[in-house]
Amino acid sequence: MNANRLEPGLLQVFRGYAILRTVLLLIAPVIAPLLGSAFDLPRGTHGLLHLVLLTVDVVVLLVYLYWPWLKHKLGKLFLPLALLFAMTSLIIEQYIVSPNLVIWEPIPYAYILLILAAWQYRFKHVVIFGVASALLELVMISFFPPEILFAALPDDLLLLIPYVGVTTRTITFIILGYVVTRLMRAQREQRAMLAQANLKLVQHAATLEQLTISRERNRLSRELHDTLAHTLSGFAVQLDALISVW
């Protein structure tokens, strides 16, 4: 597979992901008050930080995905950088701006990014993607203690919940990535077989065309030999006879 060539439809899905994030950013202030206080948006400085980070995230990602010059200039680095930025921003949002904001729960979006990575790359790259995401999340946990993120939980669960979540998510990442990569490998093999079949069909058509031309030439040669050549020979004999009589 050419590393510079994205899988058909992948970039369109990635752009749809960025558009979905943008739409949720725009409608969150309208929907959150209707769902009750548990879904309300953060206010004050925290709310401003939330809005700024989310806006920068979706704007940068949209510009990046819709700028053809970047895709042409970066080549095979275009998609990995986009996935890295998108996943990093999701984890930062989870621990900085939205630990209690259910309406903007980042984790479902992380699975979309995982599927995009498995869509394009092999299973080993998906494992690297999952492990790197887990390491980044562990770094965020070290900066944001569990008592801040999960203040409502008992003390004996505070130390376990974040790490259990990271471990569970990493395992599901690897399992889901394995399934998607196997499906994509089967699809690539089918495409390769189809390309080979098309190539054989083209070669067969070319051979058939050459055979048809050769047969037509042979037919014309036989007709020229049996008809025109015979007629000309008869004319030559008659001319010789005429000259002799003359």
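Modeller: In this predicted model, a residue counts as buried when its relative accessible area is under 20%, as exposed when that area is over 50%, and as partly exposed in between.

Biologist: With that in mind, how many helices and strands make up the secondary structure of the chain?
Modeller: Read along the sequence, the chain follows the pattern α-α-α-α-α-α-α-α-α. The secondary structure accordingly comes to 9 helices and 0 strands.

Biologist: What percentage of the contacts in the chain between residues at least 6 apart in sequence join residues at least 24 apart?
Modeller: A case of two residues set well along the chain from each other is the pair Y121 and L6, which are 115 residues apart in sequence while their C-alpha atoms are separated by 9.7 Å. Among contacts between residues at least 6 apart, the share that joins residues at least 24 apart is 79%.

Biologist: What percentage of the 246 residues of the chain counts as buried?
Modeller: The cut-off that applies here is a relative accessible area under 20%. Of the 246 residues of the chain, the share that counts as buried is 29%.

Biologist: Why can α5 be called largely enclosed by the rest of the structure, and how many of its 14 residues are buried?
Modeller: The buried residues of α5 include I107, Y109, A110, L113 and L114, and also W119 and Q120. Helix α5 is largely enclosed by the rest of the structure because the number of its 14 residues that are buried is 10.

Biologist: How far apart are the end C-alpha atoms of α5?
Modeller: At 1.5 Å a residue, the 14 residues of α5 should span 20 Å.

Biologist: Which elements give two or more residues to the lining of the largest cavity?
Modeller: The lining of the largest cavity consists of 15 residues, and those closest to its centre are I91, S133, E137, R169 and F173. By class, the lining divides into 9 nonpolar, 4 polar and 2 charged residues. The elements that give two or more residues to this lining are α4 (78–97), α5 (107–120), α6 (123–143) and α9 (161–245).

Biologist: Which element gives the most to the lining of the largest pocket?
Modeller: The largest pocket has a volume of about 290 Å³, and among its 13 lining residues P80, L83, H125, I128 and F129 lie nearest its centre. Two or more residues of the lining come from each of α4 and α6. Its lining has 10 nonpolar, 3 polar and no charged residues. With 6 residues, the element that gives the most is α6.

Biologist: Which element provides the largest share of the lining of the second largest pocket?
Modeller: The second largest pocket holds about 230 Å³ of space, and of its 10 lining residues the closest to the centre are R122, F123, T181, R185 and R188. The lining divides into 4 nonpolar, 2 polar and 4 charged residues. The largest share, 5 residues, comes from α9.

Biologist: Is T181 buried or exposed?
Modeller: T181 lies in helix α9, and its side chain reaches the backbone oxygen of G177 at 2.8 Å, while the backbone oxygen of Y178 lies 2.8 Å from a polar atom of that side chain. Leaving aside neighbours within four places in sequence, T181 is in contact with A118, Y121, R122, F123 and V126. Because its relative accessibility is 8%, T181 counts as buried.

Biologist: Where is the place of Y121?
Modeller: Beyond its neighbours within four places in sequence, Y121 is in contact with K76, L79, P80, L83, T181 and R188. The place of Y121 is in the loop between α5 and α6.

Biologist: What does K71 count as, given its relative accessibility?
Modeller: K71 lies in helix α3 (residues 68–74) and, apart from neighbours within four places in sequence, is in contact with L6, L11 and F78. Its relative accessibility is 34%, so K71 counts as partly exposed.

Note on methods. Residues numbered from 1 in each chain as written. Predicted model: local features only at pLDDT ≥ 70, side-chain atom pairs only at ≥ 80, totals over all residues. Heavy atoms only, no water. 1 Å grid on protein atoms, 1.4 Å probe; cavity = no way out; pocket = protein on both sides within 12 Å on 5 of 7 lines; lining within 4 Å. Helix = DSSP H or I, 4+ residues; strand = E, 2+ residues; numbered from the N terminus. Nonpolar A, V, L, I, M, F, W, Y, C, P; charged D, E, K, R; others polar. Expected span 1.5 Å × (residues − 1). Buried < 20%, exposed > 50% of the residue type's maximum accessible area, 1.4 Å probe, protein only. Points joined across faces, edges and corners; volume = space filled by probe spheres on them. Polar contact = N/O pair within 3.5 Å; in protein donor to acceptor, adjacent residues only side chain to side chain. Contact = heavy atoms within 4.5 Å.
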